[in-house]
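Here's a quick briefing to read alongside the structure. Have a look at the model first, then work through the points below.

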Amino acid sequence: MAFSWTITTLAAGASFPYNTECPLVSAYDTPGHAAGQISAEGFQKSANCLFLPDFIGFEHEGAKRVAFLGDSITQGVRTRPDAYEYWVARLAEGLGPEYRVWNLGSGWARAYDAATDKAWLSKAKLSDEIVIALGVNDIGTTGRSAVQLLEDLQTIVPSLKGSRTDMSVILCTIPTFNFSDAQELVWRDVNQAIRSHAIVGVDRVFDIAEVLSQAAPRDNLLIPEYMSSEFDAHPNGEAGSAVSSDFLEWYLMETI
């Protein structure tokens with residue numbers, strides 16, 4: 001699918017929030033009103049300033065709506081552009097036409113953000129089932145404690161479940177991001193709580209950390225082949241294949 005659009009602001013200056021990451025899809029931009037322009041003249045490939053619609057879809061009666069609420073790992077950051085090889089994209093393909101998937105993954109996102117119950121969480125509330133995969137940035141970039149992170153997750157879950165009748169919530173363990181020292185301890189404490197169903201209201205737990213981690217006692221480290229580079233613990237396309245395969249087998253078996 002290809003489309004063009006023009007975004008107009010009400011005033012000059014910063015207007016649209018965006019994440020400075022390499023784009024996952026090919027996009028091009030140019031200043032001015034060029035949405036109806038047939039030629040590519042004046043356009044350049046979008047780089048670290050990428051604006052795309054938040055949702056593209058169509059109505060499908062009877063399809064189950066599943067949203068994935070997560071950070072850059074859910075978004076697919078550092079996987080190859082136009083390859084759709086990150087775990088949620090592979091899942092969307094594997095689930096088939098009976099499901100409609102909305103990827104709400106956003107780089108740098110935290111459970112702390114979703115717990116404020118603003119616009120981001122309101123999007124998730126439009127779905128029938130929510131898969132939550134948050135916590136990496138709470139631990140790694142904001143230094144939240146295990147107690148704080150668990151409190152945020154406990155705030156998110158009932159807010160989601162109270163928004164729709166029969167809404168189902170799946171909570172993922174926190175994938176390792178090669179955490180060490182104090183961060184590793186928080187990661188272990190939170191994942192132990194998630195695995196023991198300490199978060200009230202969660203219907204099912206998917207252990208994404210187990211899929212991506214090395215064998216214990218080095219389970220705080222990502223499997224090397226799954227890293228997007230030797231210096232970057234964002235999961236690559238191979239990791240996306242492993243997670244989606246494991247999730248599909250687990251999810252479809254559980255729903256039979």
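How close do the axes of helix 6 and helix 7 come, and at what angle do they cross? They come within 9 Å and cross at roughly 35 degrees, with axes being lines fitted to C-alpha atoms over the stretch in contact and angles running from 0 to 180 degrees between N-to-C directions. Bear in mind that this is a predicted model, where local features need pLDDT of at least 70, side-chain atom pairs count only at pLDDT 80 or more, and totals for chains, interfaces and linings use all residues. Residues are numbered from 1 along each chain as its sequence is written, and side-chain values use heavy atoms, with hydrogens and water left out.

**Helix 6 against helix 7**
- Helix 6 passes helix 7 in a right-handed crossing (the near helix is turned clockwise from the far one by less than a right angle).
- On the helix 6 side, the contact (heavy atoms within 4.5 Å) is made by Ala146, Leu149, Leu150 and Leu153; helix 7 brings Val186, Asp189, Val190, Ala193 and Ile194.
- By class, that makes eight nonpolar, no polar and one charged residues, where Ala, Val, Leu, Ile, Met, Phe, Trp, Tyr, Cys and Pro count as nonpolar, Asp, Glu, Lys and Arg as charged, and the others, Gly among them, as polar.

**Helix 7 itself**
- Helices here are DSSP runs of H or I with at least four residues, strands are E runs of at least two, and both are numbered from the N terminus.
- Its buried residues (under 20% relative accessible area, 1.4 Å probe, protein chains only) include Glu184, Trp187 and Asn191.
- Those buried residues pack against helix 5, helix 6, strand 6, strand 7 and helix 8.
- Asn191 has 1% relative accessibility, so it counts as buried; beyond four places in sequence, Asn191 touches Thr173, Ile174 and Ala209.
- After helix 7 comes His197, with a positive phi near 60 degrees.

- Leaving aside neighbours within four places in sequence, the contacts of Trp87 include Phe68, Cys172, Ile208 and Phe247.

Conventions:
Buried means under 20% relative accessible area, exposed over 50%, partly exposed in between (1.4 Å probe, protein chains only).
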